[in-house]
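Student: I would like a close look at a single part of this structure, and then at how the rest is arranged around it. Please keep it plain.

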Amino acid sequence: MRPIIHVENLSKQYQIGAREAYYETLRESLMKALSGKKNRAPEEFIWALRGVSFDAMPGDVIGIIGRNGAGKSTLLKILSRITEPTTGRIDLYGRVGSLLEVGTGFHPELTGRENILLNGAILGMRRAEILRKFDEIVAFAEVEKFIDTPVKRYSSGMYLRLAFAVAAFLESEILLVDEVLAVGDASFQKKCLGKMRDVSHSGRTVFFVSHNMAAVEGLCNRCLFIKEGQLAGDGSPHELITKYVAAEAVPENAARDLTLHPGRPGGMTGLMRRVSMRSQSGIAASAIRMGEGISIQVDFSGTRRFRPNINFTIKNYFGVPVFSISTRVQKRFQTEEAITAGTLICHLRDLPLLQGNYLVDIYLGEEYANLDIVYDAISFEVLPADVFDSGQVPTTHDGTIFWPAEIELIPAGEAVSSPSASRA
Amino acid sequence: MSAPAIVSDGVSGLALPEKPLITITPSRGWVALDLSDIWAHRELLYFLTWRDIKIRYKQTALGAIWALIQPLFPMLIFTLFFGRLAKMPSDGIPYSVFAYAALLPWTYFASAVGNSSTSVIGSSNLITRVYFPRMIIPAAAVMAALVDFAIAFVLLGALMAWHRIPPTVSTLMLLPLIALVTLLSLGFGLLLAGLTVKYRDLRYALPFLIQLWMFATPVIYPASLVPAKWRWVLSLNPMTGVIEGFRSALFARPFAWNSLAFSAVFTLAMLVFAAYIFRRQERFFADLI
């Protein structure tokens with residue numbers, strides 16, 4: 001198959017501060033012209049994108065991941081011809097539809113009907129095409145009753161549904177979508193993801209920028225990882241998201257010196273020296289994805305010999321304990337010899353923690369007494385993941401942890417043999 | 001736990017063209033106008049014009065009446081002060097019609113240039129989010145002003161009927177004249193829309209300059225007021241040919257072909273120049289806005 005997009009050595013340079021105050025006043029320009037001086041401040045440039053090359057095939061759904069400012073949106077803006085590249089070349093073998101924001105050009109005073117027409121035209125649809133799909137768009141947005149009401153009277157949910165609906169019916173062979181799923185409620189997001197799946201199944205190519213790793217993983221068959229304007233990876237979403245999450249976690253946050261930690265209550269020995277964390281794959285990390293594991297390592301050294309026992313309490317960000325690991329309770333290891341110094345590593349596998357930040361309290365001591373305590377010794381972040389393979393991510397509104405389950409349905413008529421029936 | 005939900009199963013009902021539809025490369029210096037691209041987006045011009053008008057009339061209490069008030073009120077004031085009190089000559093035509101016949105195209109020109117000059121910075125949400133030929137934005141602003149012009153034109157018909165000034169064959173000249181003032185507005189509009197992105201203070205200077213320009217144009221006085229040997233200076237103003245042309249067409253008087261020809265040549269030159277300048281600046285719009 002031939003690529004539908006060919007991107008070669010694409011770069012984009014911005015002048016620093018260009019986006020804020022690049023424009024000058026006429027007076028400044030006149031003064032410059034009159035004085036004949038080019039008294040420009042020494043120009044500083046940054047590369048928002050540098051040397052990016054890739055090909056995309058028809059039917060590819062490509063997730064673009066990277067931290068804020070990495071160049072993801074710049075790439076989409078160049079692909080959609082909003083801004084020009086500084087160097088490089090792109091060949092597009094299909095029409096491009098871009099959805100960089102839901103409701104571009106929507107006007108609050110106009111009715112739903114009028115906005116559909118206007119927005120469709122702005123997104124590059126023909127009038128005849130919009131009219132042909134009008135009913136489908138309205139049905140998708142579920143705004144039939146309000147189609148002749150100005151959109152300023154719409155609820156935010158209706159507004160978003162309508163805005164997305166127009167774009168969802170774009171017929172371009174290439175669709176660029178930037179972070180539009182960050183808005184809207186769960187059912188709306190589900191609908192959008194479903195629509196985007198349909199789009200890709202029809203053989204069209206979708207570029208999808210999102211910070212929602214679960215959505216990227218659920219939707220995309222390929223991923224581009226952009227780091228500081230450069231293509232740091234091009235491959236399977238699972239592999240690259242793991243790589244991204246590891247790279248994203250600031251290494252400094254993955255370890256903490258405990259000798260002077262503010263979370264240590266008075267009267268403690270200062271036995272614990274350092275705490276550090278590693279992801280399941282063994283890299284220093286302060287962030288994991290839902291369902292992944294983390295190892296917490298504590299280095300200690302003291303003057304007196306003792307048989308170490310340790311307790312970790314994992315708390316959510318409100319300080320509520322979610323669970324604890326204690327060698328006193330679990331009896332998972334026994335030391336024969338009393339020692340003065342060493343390292344304890346706790347491997348927490350397949351954590352069912354929901355997305356969010358978690359704090360760790362650490363208690364180190366002997367069988368019956370704690371010798372050292374550090375509250376909030378270190379924190380880690382759990383990032384959303386599509387743990388149930390459904391395109392949906394459980395949120396902290398759903399509880400404290402996530403748990404897989406099998407659910408059976410027994411329709412009422414056939415429930416004769418069920419235990420509850422014997423009660424009658 | 002998380003296998004990709006979509007496997008590219010090689011569905012390709014799409015036949016890809018042999019050559020790329022679009023090639024994106026950095027542009028340098030002067031760029032082609034790419035009129036075919038503008039033609040492909042002509043429906044957007046219609047929709048943006050329609051939006052401008054619709055919103056304006058929805059948001060204002062008086063709606064379409066504004067289009068009448070804009071040339072009408074200055075006409076009443078000028079008729080009172082210049083026509084009645086200062087006894088300004090008006091080539092034998094009732095001063096009110098004389099003034100309105102000029103205020104009508106002038107108001108069109110002034111609001112078309114004024115609106116289109118700020119149209120690009122006013123459309124930042126479109127420019128940073130979606131591609132289309134940017135020239136459509138100032139062009140839509142000019143078109144919206146043309147609709148106002150059409151509404152205000154009705155009043156001119158009424159005034160002429162009231163003063164029993166019948167239409168003649170010369171009146172047909174209005175059509176090319178309207179086309180001329182539209183293109184001239186578009187020329188200035190394109191130039192200023194692009195420049196305003198870079199020089200924001202133009203926004204404040206422009207209304208003032210247009211005001212001054214009106215007095216340099218025979219709107220409230222006849223061109224015949226200027227001594228014959230200085231009349232050529234007046235003709236260097238491209239709006240002189242348009243305004244005088246309007247009066248000639250409406251009042252069946254001889255056309256001043258010299259100043260009209262100058263206006264036409266100036267308009268074409270201006271339009272081409274402005275379009276190239278606009279295209280040159282266009283590529284920075286999304287980064288500057």
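Student: How many bridges join strand β6 of chain A to β7(A), and do the two strands run parallel or antiparallel?

Tutor: Five bridges join strand β6 (residues 174-178) of chain A to β7(A), and the two run parallel. Before going on, note that this is a predicted model, in which local features need pLDDT of at least 70 and side-chain atom pairs count only at pLDDT 80 or more, while totals for chains, interfaces and linings use all residues. Residues are numbered from 1 along each chain as its sequence is written, and chains are lettered from A and ligands numbered from 1 in the order in which they are written.

Helices (H or I, at least four residues) and strands (E, at least two) are DSSP runs, numbered from the N terminus. Two strands pair if DSSP finds at least two bridges between them. Within the pairing you asked about, I174(A) has T205(A) of β7(A) as its bridge partner. Strand β3 (residues 61-65) of chain A is also joined to β7(A), by four bridges and in the parallel sense. There, F207(A) of β7(A) stands opposite I62(A). Strands of a sheet pair through backbone hydrogen bonds, either parallel or antiparallel.

Now consider how β7(A) is covered. A residue is buried if 20 or more other C-beta atoms lie within 10 Å of its own, exposed if 12 or fewer, and partly exposed in between, with C-beta atoms placed from the backbone. Strand β7 (residues 205-209) of chain A has five of its five residues buried. In a regular strand the side chains alternate between the two faces of the sheet. In β7(A), T205(A), F207(A) and V209(A) are buried on one side, and V206(A) and F208(A) are buried on the other.

A helix of chain A is also mostly covered: ten of the eleven residues of α4(A) are buried, among them G112(A), E114(A) and I122(A). The cover over these buried residues includes α5 (127-141) and α6 (156-168) of chain A, together with α2 (42-59) and α5 (124-127) of chain B. Just after α4(A), the residue G124(A) takes a positive phi of about 100°.

Chain B therefore takes part in covering a helix of chain A, since α2 (42-59) and α5 (124-127) of chain B are included in what covers it. Two residues are in contact if their C-beta atoms lie within 7 Å, and by that rule 70 residues of chain A touch 46 residues of chain B. On the chain A side, elements that each supply at least two residues include α4 (112-122), β4 (87-92) and α7 (186-201). That side has 28 nonpolar, 22 polar and 20 charged residues; Ala, Val, Leu, Ile, Met, Phe, Trp, Tyr, Cys and Pro count as nonpolar, Asp, Glu, Lys and Arg as charged, and the others, Gly among them, as polar. One of the residues involved is L92(A), whose bridge partner in β1(B) is I22(B).

Chain A as a whole has ten helices and 18 strands, and 42% of its 424 residues are buried. β12(A) pairs with strand β18 (residues 370-383) of chain A in the parallel sense over three bridges, where A287(A) stands opposite E381(A).

Elsewhere in chain A, strand β13 (residues 294-306) is joined antiparallel to strand β11 (residues 272-279) by seven bridges, with M277(A) and I296(A) as bridge partners. β13(A) is also joined antiparallel, by nine bridges, to strand β16 (residues 339-348) of chain A, and here D299(A) has T343(A) as its bridge partner.

Finally, in chain B, 25 of the 28 residues of α4(B) are buried, so this helix is largely enclosed by the rest of the structure. By contrast, R200(B) lies in the loop between α7 (174-198) and α8 (202-215) of chain B, and R200(B) is partly exposed because 15 other C-beta atoms are within 10 Å.
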